[in-house]
Amino acid sequence: MKKVSLALILLISCIGVVNANSYMDLFNDNRITKDELANAIMDYMLGTSTLSLDEIRNASYVYIYWNGEPKSIVDSANRTITIYKPIKRIVALHSDAVEALVILGAEDKVVGVSKYTKECKRQFPELSKLPSIGSCFDPDVEAIVSLNPDVVISYVRWPDPSKLEEKLELIGVDTKVIRLDFYKGSTMKEEIEKLGYLLDKEENASKYIEWFEKYENLVKSRIPEKKVKVYTCGKPLRAFGEGTGTYDLSVAAGGENVLKGRKGYFDVDPEQVIVWAPEVILRWSYAGGYEIDDISGMKADYEEIVYKPGFENVPAVKNGRVYVISADLATAPSFPVALVTVAKWLYPEMYSDIDPKEVFQEYIDNFLHIKFNVSKQGSFVYPKW
């Protein structure tokens, strides 16, 4: 990592370089040069600069650690996001982003969270105490602005830009909105890598990705030629098709999803499920999670499927292969845990050597760093592990 002393920067200061009237003027050529930084420091010391001390510090950081260049990524909404200064203050509109920030070791940068994260006292014992900015679907923009964040992280689909970006633009604040989901297995590694890059947390991102790929490759190596037919849903007749986190999970685990070719969330007729004849039904649920020890909510979700009129003829119900999985586990950065869990449900004879609880505890101990015993706390799957 390159180190440049203040004395050296002042010594190489050149006369005749145009002074910067604003921080962004330093990036006129999309790069802060040695001479431009030296002049900015000299002007500040002489009292002739329009830049603040924080801006001088940011410019010095960019020059020393970013080679003088801004950082850019393409977020999951396919927009180019360019950052011109180190990110110090983050508002996270959803708990999956909060979880990703904890994994990256950047929790100290979070200044505001959603009302749902406020409820996650076990999972985020300290971050749940932060100010609420409303929900990920309908954020309180005034509350966001009051926290003076450098960036806001939101889902790709939620909230609508009219509820976030357009309001921030009208107010005229210098805050970047980065849309990253952190709930789909198919994009998880890429999103962690991009956020780690923006936050100068590449090493922590690499550790997580290495762990992710360990279980991803394990499951890939065990997918049989003849695959089990899976139906993924929320409510029994609310299908989760291509592009949803639960669909991605079922396919990555080696299932042949009966919803292939149908995208997003949609309602189906009970007769259609019977015709599809899935061998396994995988239901995504809000009923469990880190904060709930009582399994009755997930049991009720399970029973809603197995006792649905007509479903007694569905192979998954007939053969006792209906499973419920918590959103906190299935569609979050803990995805590899859900992956081995579902893979074991699909092909139990091939995973006798894998205990998903142990994989989950490994994730909590190594990445979330909280005191939480998955064998005794929370409810994540039904039937229970």
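This is a predicted model: local features need pLDDT of at least 70, side-chain atom pairs count only at pLDDT 80 or more; totals for chains, interfaces and linings use all residues.
Some ground rules before we start: local features need pLDDT of at least 70 and side-chain atom pairs count only at pLDDT 80 or more, while totals for chains, interfaces and linings use all residues. Residues are numbered from 1 along each chain as its sequence is written, and side-chain values use heavy atoms, with hydrogens and water left out.

**Exercise 1. Get an overview of the fold.**

Step 1: Count the elements. The protein has 16 helices and 13 strands (DSSP runs numbered from the N terminus: H or I of at least four residues for helices, E of at least two for strands).

Step 2: Take the extent. The C-alpha trace spans about 85 × 40 × 40 Å along its principal axes.

Step 3: Check burial. Of the 385 residues, 53% are buried (under 20% relative accessible area with a 1.4 Å probe on protein chains only; exposed is over 50%, partly exposed in between).

Step 4: Look at contacts (heavy atoms within 4.5 Å). Among those between residues at least 6 apart in sequence, 67% join residues at least 24 apart.

**Exercise 2. Describe the largest pocket and find which helix supplies the largest share of its lining.**

Step 1: Settle the term. On a 1 Å grid over the protein atoms alone, a pocket is an open set of points where a 1.4 Å probe fits, with protein on both sides within 12 Å along at least five of seven lines; lining residues have an atom within 4 Å of a point. The volume is the space filled by probe spheres set on the points, which are joined across faces, edges and corners.

Step 2: Apply it. The largest pocket comes to about 710 Å³. Its lining counts 31 residues, with Tyr-155, Trp-284, Tyr-286, Ala-327 and Asp-328 nearest the centre.

Step 3: Sort by class. There are 15 nonpolar, eleven polar and five charged residues in this lining (nonpolar: Ala, Val, Leu, Ile, Met, Phe, Trp, Tyr, Cys and Pro; charged: Asp, Glu, Lys and Arg; polar: the others, Gly among them).

Step 4: Sort by element. α4 (95-103), α10 (245-252), β11 (280-285) and α14 (327-330) each give at least two residues, and the largest share, three residues, is from α4.

Step 5: Follow α4. Nine of its nine residues are buried, so α4 is largely enclosed by the rest of the structure. After α4 comes Gly-105, with a positive phi near 75°.

**Exercise 3. Do the second largest pocket, then zoom in on Asp-150.**

Step 1: The second largest pocket has a volume of about 570 Å³, and 25 residues line it, with Tyr-23, Asn-58, Lys-85, Asp-150 and Asp-174 nearest its centre.

Step 2: Its lining splits into eleven nonpolar, six polar and eight charged residues. α3 (53-65) provides the largest share, three residues.

Step 3: Asp-150 sits in the loop between α6 and β5 (151-154). Its relative accessible area is 15%, which means Asp-150 is buried.

Step 4: Leaving out residues up to four places away in sequence, the contacts of Asp-150 include Lys-85, Arg-89, Asp-174 and Lys-176.

**Exercise 4. Work out how α9 and α16 are oriented.**

Step 1: α9 (residues 202-220) and α16 (residues 356-368) pack at about 175°, their axes 12 Å apart (axes are lines fitted to C-alpha atoms over the stretch in contact, and angles run from 0 to 180 degrees between N-to-C directions).

Step 2: The two helices are therefore roughly antiparallel (the label applies over 145 degrees).

Step 3: Among the residues making the contact are Trp-211 and Tyr-215 of α9, along with Tyr-363 and Phe-367 of α16. By class, this contact has six nonpolar, no polar and three charged residues.

Notes: Angles under 35 degrees count as roughly parallel, over 145 as roughly antiparallel, 65 to 115 as roughly perpendicular and the rest as oblique.
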